[in-house]
Amino acid sequence: MTRRIPPLNPLHVFEVAARVNGFSRAANELNVTQSAVSRQIAVLENYLGVRLFHRERHGASLTEAGAAYAAEIREPFVRIAAATARLLDQKATETLHVRAYATFAAKWLIPRLADFHTRYPRVRIQLSNTVRPIDFSRETIDVGIQLGQGDWPGTQSRLLLPDLIQPVCSPDLARTIGEDLSALRSRPLLHSHYRRRDWGDWLAARGLPEEWGPAGMMFESSVLTYQAAAEGLGIAMGQVALLREDIAAGRLVPLFGPPLARDLGHHAVWPVGRPMNRKLEIFLAWLQAQASDPDAVRKGAPVRA
């Protein structure tokens, strides 16, 4: 029996648009225009006879059928990307210079690097960190991980992790709080210097004033803020995607779910106009695989790209 396979380029464009949740972000990742993305998805919809996206004034969103189809086809594209990256690894022998925030590096990237080195031993990662925006014209950086909306001038970007925030605290403190929001008024709220918007945004989303909780300690980095929360010093506003291991291990307990999703995310960023070499292609595919599978660290292997 002949297998029915839709046109592969429209299928690829649809997979990207579904994964990044929109036509404009898909266009950015694919380095094409938004209208080109829309046309390719229309080709696929015509082939399937099914509407995959709702077109709205302020963007596009998956239909129920589109979401189900995206979930089914995601894994084959992951495998293709991973297989391609491993094949390209044969020529990757140089150092890859990576810049990331300290919290992202400590909580997400470093725990996964052993897997990368096992899979791609000829790609050497040189990791540095800073909170400043990367200036690719002045710094020897191949790729950076930055928090924002993915629209930095002169760069291309790929969304890795959405910025989901939720209060977290130690297990002992969580037992005294339960689901009582008023408990925030008597517990210290811990703050990170570079994420001072977090508490205000979360409280506003709950209809609460920014000064709802008592003033707590301010820390230079989110890593220190989360450590203070784990030690019972108060409640921190956690980046859920970076704290999965701490939560799974019981070091931190999420409160008052579900998390708040903001219009920010951790993006892989690299400069426009610089040829993408093999080692960068490998690293980006591996990053996407890890980001798409929250359990990759515990399983020891990436599943998605």
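A crossing of two helices is left-handed if the near helix is turned anticlockwise from the far one by less than a right angle, and right-handed if clockwise.

Ground rules. This is a predicted model, where local features need pLDDT of at least 70 and side-chain atom pairs count only at pLDDT 80 or more, while totals for chains, interfaces and linings use all residues. Residues are numbered from 1 along each chain as its sequence is written, and side-chain values use heavy atoms, with hydrogens and water left out. Helices (H or I, at least four residues) and strands (E, at least two) are DSSP runs, numbered from the N terminus.

Now the helix pair. The axes of α5 (102-119) and α10 (residues 278-292) come within 11 Å and cross at roughly 125°. That makes α5 oblique to α10. Axes here are lines fitted to C-alpha atoms, for helices over the stretch in contact, with angles from 0 to 180 degrees between N-to-C directions. Under 35 degrees is roughly parallel, over 145 roughly antiparallel, 65 to 115 roughly perpendicular, and the rest oblique. The crossing of α5 past α10 is right-handed.

Next, α8, residues 222-230. Which of its residues are buried? Ser222, Thr225, Tyr226, Ala228 and Ala229. Buried means under 20% relative accessible area, exposed over 50%, partly exposed in between, with a 1.4 Å probe and protein chains only. Down the axis of α8, the buried residues fall within an arc of 160°, so they line one face of the helix. That arc is taken from the directions from the helix axis to the C-beta atoms. Their cover includes α5, β6, β7, β8 and β9. After α8 comes glycine 232, with a positive phi near 85°.

Last, some backbone points. Most residues other than glycine have a negative phi, and most peptide bonds are trans. Asparagine 31 has a positive phi, near 60°. It sits in the loop between α2 and α3. Is asparagine 31 buried or exposed? Exposed, at 59% relative accessibility.

Then the loop between β10 and β11. Phenylalanine 256 is located there. Its phi is positive too, near 50°. Phenylalanine 256 is buried, at 2% relative accessible area. Proline 258 is in that loop as well. A cis peptide bond joins glycine 257 to proline 258, with omega about 0°.

Terms used: Contact = heavy atoms within 4.5 Å.
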